[in-house]
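Welcome, and please open the model in your viewer. We will go stop by stop, with something to select at each one.

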Amino acid sequence: MSPQTNVRQSDKSISATTGSTRKTAGLRRTAVQGAKKAGTQLRAPKAGAKSAAVQRVAVITGGADGLGKGIAQRLAADGMAVVLSDLNARQLAATRKQFEDAGYAVETFKGDVSRLEDQKALVAKAVKAFGRLDVFVNNAGIEQVKPLDEVRPNDLDKIFRINVNGVLYGMQAASAQMRKQKGSIGKIINACSIAGHESYEMLGIYCATKHVVRSLTQTAAKEYAKYKITVNAYCPGVAGTSMWDRIDAAMSKYMGTKPGEAFQKFSEGILMGRTQEPEDVSNLVSFLASTDSDYITGQAIITDGGMVFR
Ligand SMILES: NC(=O)c1ccc[n+]([C@@H]2O[C@H](COP(=O)([O-])OP(=O)(O)OC[C@H]3O[C@@H](n4cnc5c(N)ncnc54)[C@H](O)[C@@H]3O)[C@@H](O)[C@H]2O)c1
């Protein structure tokens, strides 16, 4: 479907679609208590998006849910055509429908970021649907909660395949397309974390993978600058997505904490007094995807409400 046929001009705000957006002051509900996931408010496309000579095109991996969905909706509201990839076909179809209903130009791809052939096919699908690729957000990632002494080879393989190989393959597939294009600067944007700057107990291997993402971001920035591609990373703090629900549950098992307690403990020092919403992340990604950040590359920027200082 072409962006021309699918972008609908509207100044109406589209209501929340996950049914879980919470705009509350102060520290939020725990990951487990109350409504489950940090929500996403779908906004209408920016006026003028349709009339732009060339609509920019963004791919978001892990875009069916959580932070990726929030990022996708923001980039769509910014006027981009978006291509969402995810392993979870059911969630992907539901999210696609929400985007279509909101009037966004959207395409979807069921794939696994840890497979290079899937990442290449994803880029090919984006180009087939919308003609080009401007922004590639390597968002998909998984967590792992284990003390170091219990980490086994399979644990290492699984998380490194997705969080590290997946990011590398995404960058390879995206840069191969972007370097063929003339004109604007290509933007590769990787999901890092505060865990890419500081390491935490019970999350040792997850933190290791995010440190690698920060390293790959720097190397790619150096190698891809000659192709007019910038490479940056966003580093969220504590957002109550499904990922944190799982972290909280696993920590309860290991440490005997009550449901929600680990999330609460991680969150209580946040200077801004609340945990993270997808919008807090997508505000930064929107900037990194825009021409306003053309002179920034190789950076892993923290958005955590004031937790980790670098
Ligand atoms: N939630 C947080 O507090 C937090 C903090 C820092 C960094 N991050 C990072 O942000 C990113 C998104 O996190 P989230 O909280 O939204 O996670 P999430 O688990 O809520 O959502 C992740 C999405 O990625 C998809 N996915 C998982 N593995 C995949 C694969 N192999 N291929 C394709 N899709 C896959 C899932 O189906 C899901 O839709 C991750 O890289 C995560 O490490 C999250």
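Helices here are DSSP runs of H or I with at least four residues, numbered from the N terminus. Keep in mind that this is a predicted model.

**Stop 1: the whole chain.** Show everything as a cartoon, and you can look for 9 helices and 7 strands. Switch to a surface next: the accessible area of the chain is about 13500 Å², with 53% of it belonging to carbon and sulfur atoms. Of the 310 residues in the chain, 55% are buried. Among contacts with a separation of 6 or more, 75% join residues 24 or more positions apart.

Stop 2: Select residues 261-267 for helix H8 and 278-289 for helix H9; methionine 272 sits in the loop between them. Is methionine 272 buried or exposed? Its relative accessibility is 63%, and exposed means over 50%, so methionine 272 counts as exposed.

**Stop 3: the ligand.** Select the ligand and the 29 residues around it; Asp86, Asn139, Tyr206, Ala239 and Thr241 come nearest. Zoom in on tyrosine 206, where a polar side-chain atom lies 2.6 Å from an oxygen atom of the ligand. A polar backbone atom of leucine 87 is 3.4 Å from a ligand nitrogen, while one of glycine 237 is 3.5 Å from a ligand oxygen. To finish, surface the ligand: taken alone it exposes 830 Å², and the protein buries 94% of that.

Methods: Residues numbered from 1 in each chain as written. Predicted model: local features only at pLDDT ≥ 70, side-chain atom pairs only at ≥ 80, totals over all residues. Heavy atoms only, no water. Helix = DSSP H or I, 4+ residues; strand = E, 2+ residues; numbered from the N terminus. Buried < 20%, exposed > 50% of the residue type's maximum accessible area, 1.4 Å probe, protein only. Near = heavy atom within 4 Å. Polar contact = N/O pair within 3.5 Å; in protein donor to acceptor, adjacent residues only side chain to side chain. Areas by Shrake-Rupley, 256 points an atom, 1.4 Å probe, with all protein chains shown as cover. Contact = heavy atoms within 4.5 Å.
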